[in-house]
Amino acid sequence: MGGDGNSAYGHRTFSRSKSHFDDRITADGRDGWPVRAGRYRLVVSRACPWASRAVISRRLLGLEDALSLAVADPVQDDRSWRFTLDPDGRDPVLGIRFLSEAYDRRETGYPGGVSVPAIVDVPSGRLVTNDYQRITLDLATEWTALHRPGAPDLYPAARRAEIDEVMAEVYEDVNNGVYRAGFATRQREYEEACAAVFRRLEVIGERLSKQRYLVGDTLTEADIRLFTTLVRFDAVYHGHFKCNRWKLAEHPVLWAYARDLFQTPGFGDTVDFDHIKRHYYQVHTGINPTGIVPLGPDLGGWLTEHHRAELGGRPFGDGTPPGPVPPGERVAARGRPA
């Protein structure tokens, strides 16, 4: 998610920029960035769905000790994502105040926006990649030597064609579709995007009425990518982005599926509703000029029984759930359901 031009949203047609820095961190280091424990730092915002994918993947795979985590303030200023949650307003590992500093060390005068997730090379302080579509796939396939014992296979080779197909549909109409609706500048543009969101959600709901997970009987990258949009749906997309034909909580299948994932270790324990709401409502001044953050919705329902286990499936396949959240990475109480 970008860090500039937020006041322009709602005044110009929305178009998601491609990742400019698409180097890959691989086992063989073919792009000059070999997988190494402790060498890199993952910079995220808990508000951002694209960054949240990486947070979930990192936790499910047990990469906490190998890939350190920097969490930016959910409320940006005109200098991009900032580290005002840390003492003295500096990231304690990178020593910088703004993520843009790592971008500048990689390419001076880079014309694009500063986005998360981003992976930074700690020794040089340079950005390595902001390729949100590729980062999590590489965590699943290139970082395997550093996975925890019992880590799930989130991108199994035998299922990749189906996973890719499902993810492409989810991305076009749901992940990115809510933004096209929310930042539309014309009525027809909004209506087409909003209609596409709900058409796709109905199709996905039909699929999930028969199986616990999107592809196969275990969690995969496809579930992570859908979850990060669903968990934000009623909190911000329904009202702020006008995707309001119905609430997630009004769709029995999708609501149960989302609660199932939320209650699975590695998913809900990474979600910060306070960060999510404050970012969308306070930063996107082009569509919410007052910056007022709504009190609702009630978050208590996320912890209610979902009955999805009746469909079978094994969340972690032959693996095991991740352990407890490291103390320094726990979500603050006000960001969690009561």
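## Two crossing helices

In this predicted model, helix α6 passes helix α7 in a left-handed crossing. The axes of α6, which spans residues 187-208, and of α7, which spans residues 221-237, come within 14 Å and cross at roughly 115 degrees. Angles of 65 to 115 degrees count as roughly perpendicular, and α6 and α7 are therefore roughly perpendicular to each other.

Where the two helices touch, α6 contributes Val-197, Phe-198, Leu-201, Ile-204 and Leu-208, while α7 contributes Leu-226, Leu-230 and Phe-233. Sorted by class, this contact holds eight nonpolar residues, with no polar and no charged ones.

## The second largest pocket

By class, the lining of the second largest pocket comprises seven nonpolar, three polar and 10 charged residues.

Across the whole structure, a search finds three cavities of 30 Å³ or more, and the largest cavity has a volume of about 80 Å³. Helix α3, made of residues 132-141, gives the most to the lining of this largest cavity, namely four residues.

Among the residues that line the largest cavity are Asp-22, Asp-23, Arg-24, Ile-119, Thr-129 and Trp-143. Taken as a whole, the lining of the largest cavity has five nonpolar residues, one polar residue and six charged residues.

Notes
Residues are numbered from 1 along each chain as its sequence is written. This is a predicted model: local features need pLDDT of at least 70, side-chain atom pairs count only at pLDDT 80 or more; totals for chains, interfaces and linings use all residues. Side-chain values use heavy atoms; hydrogens and water are left out. Axes are lines fitted to C-alpha atoms, for helices over the stretch in contact, and angles run from 0 to 180 degrees between N-to-C directions. Angles under 35 degrees count as roughly parallel, over 145 as roughly antiparallel, 65 to 115 as roughly perpendicular and the rest as oblique. A crossing is left-handed if the near helix is turned anticlockwise from the far one by less than a right angle, and right-handed if clockwise. Contact means heavy atoms within 4.5 Å. Ala, Val, Leu, Ile, Met, Phe, Trp, Tyr, Cys and Pro count as nonpolar, Asp, Glu, Lys and Arg as charged, and the others, Gly among them, as polar. On a 1 Å grid over the protein atoms alone, a cavity is a set of points where a 1.4 Å probe fits but cannot get out, and a pocket is an open set with protein on both sides within 12 Å along at least five of seven lines; lining residues have an atom within 4 Å of a point. Grid points are joined across faces, edges and corners, and a volume is the space filled by probe spheres set on the points.
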